[in-house]
Amino acid sequence: MIRDTVSDLPVPTEADLALRALPRSIAAHDTHMAQVAGMNLIETGGTAPAAPLALPLTVGAWNLERCLFPEAAAQKMADCDLLLLSEMDHGMARTGQRNTTRDIAGGLGMAYAYAVEFLELGLGSPIEHEFCEDDHNARGYHGNALMAKAALRDPFALRLWGERQWFSDDEQPRLGERIAVGATMDTEAGPLLAVSTHLESACGPEHREMQIRGLIAALDAAFPGLPVLIGGDLNTGNHNEGDWRAEGLFNAAREAGFTVHGGPEDQPTTRPSLITRWPERQMKLDWFLARNLRLEETEIRSSLDATGRPLSDHDAIVTRITDLTKPQGPES
């Protein structure tokens, strides 16, 4: 696990970005990544009330697809006490070089933890070039965030099992692997462990099942006995004709005592956006996995703003935690 924290992730050096001459192997990738400071740190910041979170508490998970519009995204989730966010840019030209996590946390009065999933060498896809005013990335970081209206204790990040697919990608070469970022926080009913994660899209169900099994095993070893909420874009159905029901990760989670919460089964969580413009790519990708928690029904919250502009290619999922106890929610 990554445990060291900083208030501002360092700017990558020229040596950090010198990837193209490396052999395209997992060993070469991992040796280089171990030397890149920003890939081995957690950025923490923001401010939050010192008091424990009151129950019920509202939690949202949202893949913000780079986070083109931090202020509008914050407004959309203003009722949340806890947010699990993925695909958050930090120093990318396509999002105005902004630290999108810091900006959302600041707008909502939350403490945050952010970890880098990928260090991107390029400006993104050809469509994303349309949003760039600069011809370079100030940092090139893209990752996951956790934020809450409470102090975050023991923040951590964990790289998930993978095959470093994006290291060899011609269009969007990247250093890194899918990641989970989490922390504990105090509630009036006791401590809660919250984890924001993003599973691999460029693979089949077996890969994602291994990622979830590895994540749960690591959490059990590091935080035994704590109620746990995992949430985010689990990419269910990718490279499997959109069949989320065939994902072994759900059985793996249930075997470990988790319940599964994704809102109405027939309602997808993706939509066309300013970046992802293909309406046929509607899938059900976003979920909460909960253990020793009681949750209300899960809402799938539209990512359209008041003008009808999509803030992401994912809708958010939102629920309320009513108690830290044995789960008895409506979904299983």
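Are Glu117 and Arg178 buried or exposed? Both residues are buried (under 20% relative accessible area, with exposed over 50% and partly exposed in between, for a 1.4 Å probe and protein chains only). This is a predicted model, in which local features need pLDDT of at least 70 and side-chain atom pairs count only at pLDDT 80 or more, while totals for chains, interfaces and linings use all residues. Residues are numbered from 1 along each chain as its sequence is written, and side-chain values use heavy atoms, leaving out hydrogens and water.

**Salt bridges**

- Side chains of opposite charge can pair when their charged atoms come close.
- The whole structure holds 28 salt bridges (a side-chain nitrogen of Lys or Arg within 4 Å of a carboxyl oxygen of Asp or Glu).
- One of them links Glu117 to Arg178, with the closest N and O atoms 2.9 Å apart.
- Glu117 sits in strand E5 (residues 111-120), and Arg178 in the loop between strand E8 (174-176) and strand E9 (179-187), so this pair ties together parts 61 residues apart in sequence.
- Helices (H or I, at least four residues) and strands (E, at least two) are DSSP runs, numbered from the N terminus.
- Arg213 and Glu209 form another salt bridge, at 3.0 Å from N to O.
- Both of these residues belong to helix H6 (residues 205-222), where Arg213 and Glu209 are 4 residues apart, about one turn of the helix.
- Arg213 is partly exposed, at 38% relative accessible area.
- Asp305 pairs with Arg309 in a salt bridge, at 2.9 Å from N to O.
- Asp305 is buried at 17% relative accessibility, whereas Arg309 is partly exposed at 30%.
- Shared partners join Arg66, Glu87, Asp89, Arg94, Glu120, Glu128 and Arg174 into one salt-bridge network.

**Cysteines**

- A disulfide is a covalent bond between the sulfur atoms of two cysteines.
- The search of the whole structure finds 0 disulfides (a pair of cysteine sulfur atoms within 2.5 Å).
- Cys80 is in no disulfide, and the nearest cysteine sulfur, that of Cys67, is 14 Å away.
- Cys80 is buried, with a relative accessible area of 0%.
- Cys203 is also buried, at 9%.

**Ser125**

- Ser125 lies in the loop between E5 and helix H5 (126-129).
- The relative accessible area of Ser125 is 12%, so this residue counts as buried.
- Ser125 is in contact (heavy atoms within 4.5 Å) with Glu171 and Gln172, leaving aside residues up to four places away in sequence.
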